Amino acid sequence: MDGDFIIGGVFSLHYTFYTVINNYTTRPEASRCAGSIIAREVRYSRAMIFAIEEINNSTELLPGIKLGYEMYDSCNSVTSAVPVALQLSNGQDPEFYKGSNCSLTGMVVAVVGDSGSTPSISMSRIFGPFNIPLVSHFATCACLSNKQEYPTFFRTIPSDQFQADALAKLVKHFGWTWIGAVRSDSDYGNYGMASFLAAAQREGICVEYSVSIYRTDTRSKIKKVADTISRSTAVVVMAFIDSADMSVLLEELAHNPPPPRQWIGSEGWITDLNLMRHSFCAGAIGIAIQKSVIPGFREFLLNLPPSEVAASSVLTEFWEDAFSCSLKRSAGPQRKICDGTEDIKNLKNPYTDTSQLRATNMVYKAVYAVAHAIHNAVCQETIFATRCDKNIRLESKQVTSELKQVTFSRNGYPVSFDANGDPVAFYELVNWQKSKSGVIEPVTVGYFNASLPKGQEFHINKNITWVDSGTLVPVSVCSESCPPGSRKVLQKGKPICCYDCIPCPEGEISNVTDSPDCSPCPRESWPNAQRDACFPKPVEFLSYDEVLAIILAAFSVSGACLAIITAAIFFHHRTTPIVRANNSELSFLLLFSLTLCFLCSLTFIGAPSDWSCMLRHTAFGITFVLCISCVLGKTVVVLMAFKATLPGSNVMKWFGPPQQRMTVVFFTLVQIIICTVWLLLSPPFPMKNLSTYKEKIILECALGSAVGFWAVLGYIGLLAVFCFVLAVLARKLPDNFNEAKLITFSMLIFCAVWLTFIPAYVSSPGKFTVAVEIFAILASSFGLILCIFAPKCFIILFQPEKNSKKFVMNKK
């Protein structure tokens, strides 16, 4: 159609073309499209005509100016698109290549199209040097956003980069980490899938396979792709593919339907009603262009008088394909002649279906964007009216410049372009659901709005039907999620989504699902049995409410009571020969020290504190030295008493009661000095032992200075050995009641206990270290009191006849 300004239009009315093998001896024939005409593309071309007629009838946009158009079929092929682009660049003369005049006077001011990315790329490379803007309605390849290569390219449909991000977020949203990928072997599919795979990798999604398909591929290659989908372990299949290629793939899959697969679709095919006849695709979900309404457009589509159809070769072919008849009288036997009863209003195909106007609205908006750019270039707004100059020499680069600034809204849908010539991305989330009649229909269940803040772009507002009409989200993972308490270990040679679950090592936890690592608990914490949480380690010490502590405390108190009872017996019979013959003063002092020895073991029970740690070791050391000093004094007295019986001996004057007291005080004072130095330099202190047991804390008394501790024990051992040696020397002295024998047995027990104590103390863990020390104290104390005092008490209480001077002196 002629006009003051001409807009070009390029649509893929056919998806294939005739391939001619040239012999290079004659002039090549012009390429011709082949195959059935695409009803949806016819609707796109009619939408452009409808928009131009609407603009020409408008009094606000380009008043007084008539827009014309030239429309071409690219056959979705570079071979056809390049001549079309050259023809639109040079003017309306189809024989443009004959002359040498390259004047720009006849070229179009802008072009709307194409439906495919590959033809659009080819045409943009040609239009760029001429500054002719190409506004596409369906070319989504992200590569076209590169203004260095395609400076005059614009589009009303969002770039695939946005779509790829949205699809990756969709897959991640439903927890699918193991998917298959199918793409068109074209710029749309290859660039789109590359963007999706990059986005999927950022989201932690793994791809089991990635295959390509093209509608002209051989049957064997198409079957190979179908077999790959059927044999794969991935339940989810992401198809970044256009409608024609998807149709070929689904036709192949229909021969041998695959196991249930959850299809994820790009906008290239997810709203194609022709594909919804394949029932095994029910539940498919994908990204689609926003559904829209164009007032009056349906009536325009259905208003096709026979004269208009006959005048257009495109409409003639569409009519004949739609009604399977021929408008020509010489149709031949294969097709009947159209008899005039054909009614397009009763026709049900993509041309007449206006319930899902998506890409059609993109064509509509593209035409209006060009019209607004022309309006801004040739029209001036005055107070009273808008004046437009249709005689102005309008160059296409002016339209390109104005397109960058275009901002308007049509039928409630905003139109604008960013620096890359792209619109704001807004997608609908479409789900294939079966209606009550069993027919699959596209249902909008949510949306994706790239203009919203990060994390809020994706929204679902309706129930989704999944593969096999299921209501539960299908699972598609290479490996099941690792529960808390375990970590992921990648399987050798496989993607990161394929892993084994290994329990966390001892002392470490993981409290999230699919944790890549386990983290150690703090020093004073330990994992629970599931190893998914850290809890404070139980604190262990010899507590009074434990059976072991109660038994030891009972023996301690019993021993102290035994010492007190023994002292009471001795005091009551203090005038008897046995008591008097055994140095009663040292005996009472020894019983007092034994009482303290029994009671000092109680300081080892209970939670250690600063005072208890210092008290338990010093009290133990001092009381035992006091005890051994008394025993040593008694031994020396016995030994010297028999030495003094020799004629002329005056030795007993050096071992009288004052000397005995001084000996006990001296030996005890040495121990007091050792303990004082220990406490002043490095005293014992309470500490948490975290090394003996990993799973619990041992609350114990640190020695402070190990030298101090072993000095205390060594001094006690030295006195004990010295006492034992003297007792052994005096054991055969003649007497009916020789106390040296009793002391020998008591010191033998004492030394045996403390010699075995050393390895037991070093090797016993935790609270048992304290129990061993208490046991050594009690055993040695009981050994002393039983060996030294038990025989005397037995005679005093049960054999009083032997408690006489004659018996003691062994005189008959």
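User: How much space lies in the largest pocket?

Analyst: About 670 Å³. Keep in mind that this is a predicted model. Of the 33 residues lining that pocket, Ile-38, Arg-40, Asp-272, Asn-274 and Pro-350 are the closest to its centre.

User: Which helices and strands each supply at least two residues of that lining?

Analyst: Helices H1 (39-56), H7 (243-255) and H10 (313-323) do, and so does strand E12 (285-289). By kind, the lining has 17 nonpolar, seven polar and nine charged residues.

User: Okay, on to Ser-117. Why does it count as buried?

Analyst: Buried means under 20% relative accessible area. Ser-117 has 2% relative accessibility, so it counts as buried. You'll find Ser-117 in helix H3 (residues 117-130).

User: What is Ser-117 in contact with, leaving aside its neighbours within four places in sequence?

Analyst: Ala-139, Thr-140, Cys-141, Leu-144, Asp-187 and Tyr-188. With Thr-140, a polar atom of the Ser-117 side chain lies 3.3 Å from the backbone nitrogen.

User: What makes helix H20 largely enclosed by the rest of the structure?

Analyst: Count its buried residues: 23 of the 32 in H20 are buried, so the helix is largely enclosed by the rest of the structure.

User: And where does H20 bend?

Analyst: At Phe-789, by about 45 degrees. H20 covers residues 767-798, and a proline, Pro-791, follows the bend within four residues.

Definitions and conventions. Residues are numbered from 1 along each chain as its sequence is written. This is a predicted model: local features need pLDDT of at least 70, side-chain atom pairs count only at pLDDT 80 or more; totals for chains, interfaces and linings use all residues. Side-chain values use heavy atoms; hydrogens and water are left out. On a 1 Å grid over the protein atoms alone, a cavity is a set of points where a 1.4 Å probe fits but cannot get out, and a pocket is an open set with protein on both sides within 12 Å along at least five of seven lines; lining residues have an atom within 4 Å of a point. Grid points are joined across faces, edges and corners, and a volume is the space filled by probe spheres set on the points. Ala, Val, Leu, Ile, Met, Phe, Trp, Tyr, Cys and Pro count as nonpolar, Asp, Glu, Lys and Arg as charged, and the others, Gly among them, as polar. The bend at a residue is the angle between axes fitted to the seven residues ending there and the seven starting there. Buried means under 20% relative accessible area, exposed over 50%, partly exposed in between (1.4 Å probe, protein chains only). A polar contact is a pair of N or O atoms within 3.5 Å; within protein, one must be able to donate a hydrogen and the other to accept it, and residues adjacent in sequence count only if both atoms are side-chain atoms. Contact means heavy atoms within 4.5 Å.
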